[in-house]
Amino acid sequence: MKIGIIGLGLIGGSLAKTLLKHTDHTVLGMDMSRQVMQKAKLLEATHGELTEENLGQCDMLIVATWPGGAVEYVRNHAGVIRKGATVIDVCGVKRAICEPLWEIAKKNDFMFVGGHPMAGVEHSGLEYATDTMFDRASMILTPPPGTDIQTLERLKKFFLGLGFGQVVITTAEEHDQVIAYTSQLPHVVASAYVRSPLMLGHHGFSAGSFRDMSRVASVDENLWTELFQQNREPLLRELDGLIERLTQYRDALRDGQEETLRSLLREGRERKAETEKRGKKQ
């Protein structure tokens, strides 16, 4: 199979390297930055360059750009994409991408499937891409309504073959609701957390808790602003819920309500333990 990857940053570059490591597929890549393309050539991250001329030969296209760029790229190249090809994006939001691109794909006789690999690091760029990025990670797919089971099994087998530990099939709506909690909310919290005046003087006073809380504050503000805006309503619900729960802790502490504070902490500990128990069963 000939696979084209659009965008050779952290995720696109890691997919390219992983495909080269685990499969015999021909991997072609392109990036808007010529510097990145030169780096990809030096690192032998792909078999060659994806061009306007060979784009239509690809059996699969993986669009690893920002959300707005993904929609724009597929829309602009819809007439060139091979009939029957599968196009997958790897962005952190799904409704904003899937809804327009399902229609475009249907009109142009190819398939578009939303995708989101649950993997990454706090850095960006091809230089941080690895062929182990997706080992045991979860790959989320949001196929168009009515997709047949054979197609889903084919996609599942493809990603499991790259080292993913599981493939989750869901709707674009559910993806965006859950990801607002598991991914986007932690980035907001980390960003707010490190804006404390004490951030500049914590050295010598911090250990694992600080590292865990602050790690994902190292974000690309342009990308994450776009992600937050395109998932605004689900993220607002999670933010409102978190603010309400934090207020409970603050009020208990302010009013000296030790038993209430103890109860809140106990509930948090038990909820975490129950979640871990369910995870081990899956």
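Trainee: How many nonpolar, polar and charged residues are in the lining of the second largest pocket?
Mentor: By class, that lining has five nonpolar, five polar and one charged residues. Keep in mind that this is a predicted model.

Trainee: Which residues are they?
Mentor: The lining of the second largest pocket is made of M118, S138, I140, Q166, V168, T170, E174, H175, V178, I179 and T182.

Trainee: And how much space lies in there?
Mentor: About 300 Å³ for the second largest pocket.

Trainee: How does anyone find empty space like that in the first place?
Mentor: A probe the size of a water molecule is rolled over the atoms, and that shows where empty space is left.

Trainee: Which element gives the most to the lining of that pocket?
Mentor: That would be α6, with five residues. At least two residues each come from β7 (138-142), β8 (166-169) and α6 (172-193).

Trainee: Staying with α6, I see H187 in that helix. Is H187 buried or exposed?
Mentor: H187 is buried, because its relative accessible area is 14%, and the cut-off for buried is under 20%.

Trainee: What does H187 touch, leaving out residues up to four places away in sequence?
Mentor: With those left out, H187 touches V216, V219, W224 and F228.

Trainee: Okay, new topic: N231. Where is the place of that residue?
Mentor: N231 sits in the loop between α8 (221-230) and α9.

Trainee: A loop residue, then. Does N231 count as buried or exposed?
Mentor: N231 counts as buried, since its relative accessibility is 2%.

Trainee: What does N231 touch?
Mentor: Not counting residues up to four places away in sequence, N231 touches V93, D176, I179, A180 and Q184.

Trainee: Let me move along to α9. What about E244, buried or exposed?
Mentor: E244 is found in helix α9 (residues 232-254). It counts as exposed because its relative accessibility is 55%, and exposed means over 50%.

Trainee: How many Å separate the C-alpha atoms of E244 and M133?
Mentor: Those two C-alpha atoms are separated by 36 Å, and the residues are 111 apart along the chain.

Trainee: Where does α4 bend?
Mentor: At L101, by about 25°. L101 is also among the buried residues of the helix, along with I97, C98, W102, I104 and A105.

Trainee: What covers those buried residues of α4?
Mentor: The cover includes α3 (67-77), β5 (86-89), β6 (111-118), β7 and α6. Just after α4, D109 takes a positive phi of about 65°.

Trainee: Last one, zooming out. How many helices and strands are in the chain?
Mentor: The chain has ten helices and eight strands. Its C-alpha atoms fill a box of roughly 70 × 45 × 35 Å along the principal axes. Of the 282 residues, 40% count as buried. As for contacts with a separation of 6 or more, 74% are between residues 24 or more positions apart.

Conventions: Residues numbered from 1 in each chain as written. Predicted model: local features only at pLDDT ≥ 70, side-chain atom pairs only at ≥ 80, totals over all residues. Heavy atoms only, no water. 1 Å grid on protein atoms, 1.4 Å probe; cavity = no way out; pocket = protein on both sides within 12 Å on 5 of 7 lines; lining within 4 Å. Points joined across faces, edges and corners; volume = space filled by probe spheres on them. Helix = DSSP H or I, 4+ residues; strand = E, 2+ residues; numbered from the N terminus. Nonpolar A, V, L, I, M, F, W, Y, C, P; charged D, E, K, R; others polar. Bend = angle between axes of the 7 residues up to and from the residue. Buried < 20%, exposed > 50% of the residue type's maximum accessible area, 1.4 Å probe, protein only. Contact = heavy atoms within 4.5 Å.
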